[in-house]
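Work through the exercises below with the sequence and the model side by side. Try each task before reading its solution.

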Amino acid sequence: MTLTAIARRSETAARPLASCDPAGAPGPAAPALRPTRDGDGLAVASFVLGLVGLLVMNILLGPAAIVMAVLALVRSTSRRGRALLGLALGIADLVVLAFLVTGNGVVAWNFGG
């Protein structure tokens, strides 16, 4: 093998794989799935945290749900509706917290009499 053949071989190995059509013509490179996948996970997590935050620890889970929903929307998640619902639930957590603080004067739940 000559030096040029080795250089060509390493050059083709270093190129990213591109998608091809049935005729074999190279097409655009496949999109990276990592940011969308991370955004999807953040959207689901914000929804769950917002939902749980309506019942317990809304002082912590509400802002966490809001931050995760905004990050999911910035990363252009495919689950946009779930991210928006997580954002709305996070805001609802803070509204419930505000009502509890103004009604009881403390940041605590009171189930008893």
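The exercises go from the overall fold to single residues.

The model is predicted: local features need pLDDT of at least 70, side-chain atom pairs count only at pLDDT 80 or more, and totals for chains, interfaces and linings use all residues. Residues are numbered from 1 along each chain as its sequence is written, and side-chain values use heavy atoms, with hydrogens and water left out.

**Exercise 1. Describe the fold and its surface.**

Step 1. Count the elements. The protein has four helices and two strands. Here helices (H or I, at least four residues) and strands (E, at least two) are DSSP runs, numbered from the N terminus.

Step 2. From the N terminus the elements run α-β-β-α-α-α.

Step 3. Look at burial. Of the 113 residues, 19% count as buried. Buried means under 20% relative accessible area, exposed over 50%, partly exposed in between (1.4 Å probe, protein chains only).

Step 4. The protein exposes about 8,000 Å², and carbon and sulfur atoms supply 69% of it. Accessible areas come from the Shrake-Rupley method with a 1.4 Å probe; for residues, only the protein chains shown count as cover.

Step 5. Check contact range. Among contacts between residues at least 6 apart in sequence, 60% join residues at least 24 apart. Contact means heavy atoms within 4.5 Å.

**Exercise 2. Examine helix α4.**

Step 1. Compare its span with expectation. Helix α4 covers residues 80-104, 25 residues in total, and reaches 36 Å from its first C-alpha to its last, close to the 36 Å expected at 1.5 Å a residue. The expected span is 1.5 Å times one less than the number of residues.

Step 2. Find the buried positions. In α4 these are Ala 83, Gly 86, Leu 89, Gly 90, Asp 93, Leu 97 and Leu 100. An α-helix has 3.6 residues a turn, so residues three or four places apart point the same way.

Step 3. Step past the end. Just after α4, Gly 105 takes a positive phi of about 85 degrees.

**Exercise 3. Which residues does Ser 46 touch, not counting residues up to four places away in sequence?**

Step 1. Locate Ser 46. This residue is found in helix α2 (residues 34-53).

Step 2. Ser 46 counts as buried because its relative accessibility is 0%.

Step 3. List the partners. Ser 46 touches Ala 65, Met 68, Ala 69, Arg 82, Ala 83 and Gly 86.

Step 4. Follow the side chain. The side chain of Ser 46 reaches the backbone oxygen of Ala 43 at 3.1 Å.

**Exercise 4. Compare two positions in helix α3.**

Step 1. Take Ala 72. Ala 72 is found in α3 (residues 58-74) and is buried because its relative accessibility is 0%. Beyond four places in sequence, its contacts are Gly 39, Leu 42, Ala 43, Thr 77 and Ala 83.

Step 2. Take Leu 61. Leu 61 also lies in α3; at a relative accessible area of 12%, Leu 61 is buried. Beyond four places in sequence, Leu 61 touches Leu 49, Val 52, Gly 53, Val 56 and Asp 93.

**Exercise 5. Find the positive phi angles in two loops.**

Step 1. Inspect the loop between α2 and α3, where Met 57 is found. Met 57 has a positive phi of about 50 degrees although it is not a glycine.

Step 2. Inspect the loop between α3 and α4, the place of Ser 76. Ser 76 has a positive phi of about 50 degrees, and it is not a glycine.

Step 3. Recall the background. Most residues other than glycine have a negative phi.

Notes:
A polar contact is a pair of N or O atoms within 3.5 Å; within protein, one must be able to donate a hydrogen and the other to accept it, and residues adjacent in sequence count only if both atoms are side-chain atoms.
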